[in-house]
Amino acid sequence: MRLHRIPQRVSNCLSPFSSHFTCPQGQHYRVWCWLLVALLLAQGSASLKNLTRLMPTSLRYWAVLRMVKAGYWDASALIDELALAVFATLPPAPDRTISLIGDKTTKEKSGKQMPLAHKTRMNEFAPYVFGLDLVLLIAQWGRFRVPVACALVDPEIKGHQNILFRRMLGSFQKPTWCQQIVVIADAGFASKENLRTIQTRGWDYVFALPRTWKLADGTHLKDLANHLPRKRYRRVASYKPDRRRKDYWVFVRRAHLNTLGDVTILLSKRRRNESPKKIKLIVTNLNDQSAGQILNLYS
């Protein structure tokens, strides 16, 4: 199937974003509109070659590739404006709360000439792959998930992942109805600078912590996870946004951290008899929330 024109309603909705494209010769705005329409209709792999098969014959693959790689338009600014437009059309959260989820993903590549590609893996149990690392920031409430920022990680810059994450948090523009923001991320984003930035803005957080952290009394989180008896854990039910139930064995403790102050630490594992190596350590400043509510947020 090959399309011949963009629907008028879609064209009217995208017209306010034409100011981001300043190259009339390359018709970048027209190509961008066709890219969005093709992404909505694509089935299977959404590579540029597959997307161009849905576009008119006048739009060749090389023309679309040139537009994507052009430096005449700012993708970050365009995503910010698109996110605000989406916030204005979706119904607000009943509790006026938005969860900002920080995540990292890897896009596999085959060519060795990519300047930012390198050999990496998601965790110690995953296989090594050659590709690009991307940092994503996603706004979530209810069953809505809106990507609000995306950036490539430079492996040559130390701590570049956390630098990008702090930059995304600083540039995030919340919708007018939002009254509370909860930042959620894995242990890879739990640096002291990131958590200080969140506290400075007055936001709440639910983070997985690395085992190298220790409490104010000198107790290492690694020792707490390794030597805590199984009888101290209790079974707690949590629910995903689609209301699917998942039970965990958890231990909750109020503690004081030198960097964060008074927090709630939650040790979680999927099965009661799992080894300490598979225990996840979660920290939050939502001290009035129950263990089930914290697990609901993190899920």
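A residue counts as buried under 20% relative accessible area, as exposed over 50%, and as partly exposed in between (1.4 Å probe, protein chains only). The model is predicted, so that local features need pLDDT of at least 70 and side-chain atom pairs count only at pLDDT 80 or more, while totals for chains, interfaces and linings use all residues. Residues are numbered from 1 along each chain as its sequence is written, and side-chain values use heavy atoms, with hydrogens and water left out.

**Overall dimensions and surface**

The protein has 9 helices and 10 strands; these are DSSP runs numbered from the N terminus, helices being H or I with at least four residues and strands E with at least two. Its C-alpha trace spans about 70 × 45 × 35 Å along the principal axes. Of its 299 residues, 40% count as buried. The accessible surface comes to about 17,400 Å², and carbon and sulfur atoms account for 51% of that area. These areas come from the Shrake-Rupley method with a 1.4 Å probe, and for residues only the protein chains shown count as cover.

A contact is defined by heavy atoms within 4.5 Å. Among contacts between residues at least 6 apart in sequence, 54% join residues at least 24 apart.

Leucine 41 is part of helix H2 (residues 28-41). Its relative accessible area of 37% makes leucine 41 partly exposed. Together with Met1 and Leu40, Leu41 forms a nonpolar patch on the surface, with about 370 Å² of accessible area for the three together. Patches are made of residues with over 30% relative accessible area and no salt bridge; like charges are joined within 9 Å, and nonpolar side chains (Val, Leu, Ile, Met, Phe, Trp, Tyr) within 5 Å.

**Nonpolar cores**

A nonpolar core is a set of buried Ala, Val, Leu, Ile, Met, Phe, Trp, Tyr and Cys residues joined through side-chain atoms within 4.5 Å. The largest has 49 residues, and those with the most contacts inside it are Leu100, Val183, Phe207, Leu267 and Val283. A second, separate core of 22 residues includes Leu14, Phe17, Cys33 and Leu51. When residues up to four places away in sequence are not counted, leucine 100 touches residues including Leu137, Ile138, Phe172, Val183 and Trp203.

Helix H6 has 12 residues and reaches 17 Å from its first C-alpha to its last, close to the 16 Å expected at 1.5 Å a residue; the expected span is 1.5 Å times one less than the number of residues. Its buried residues are His160, Gln161, Asn162, Leu164, Phe165, Met168 and Leu169. They pack against several elements, among them strand E1 (97-108), strand E3 (129-141) and helix H7 (192-200).

The loop between helix H6 (160-171) and strand E5 (180-185) contains glutamine 173, which is partly exposed at a relative accessible area of 46%. Glutamine 173 touches Leu84 and Phe87, not counting residues up to four places away in sequence. Between glutamine 173 and alanine 46 there are 127 residues of sequence separation and 29 Å in space, C-alpha to C-alpha.

Arginine 96 lies in the loop between helix H5 (75-89) and E1. Although arginine 96 is not a glycine, it has a positive phi of about 60°. Its relative accessible area is 32%, and it is therefore partly exposed.

**Salt bridges**

Side chains of opposite charge can pair when their charged atoms come close. A salt bridge is counted here when a side-chain nitrogen of Lys or Arg is within 4 Å of a carboxyl oxygen of Asp or Glu. By this rule there are 5 salt bridges, including those tabulated below.

| Pair | Closest N to O distance |
|---|---|
| Arginine 270 – glutamate 274 | 3.8 Å |

Arginine 271 is exposed, with a relative accessible area of 51%. Glutamate 274 is buried at 13%, and arginine 270 is partly exposed at 45%.

Arginine 235 is exposed at 56% relative accessible area, whereas aspartate 247 counts as buried at 16%.
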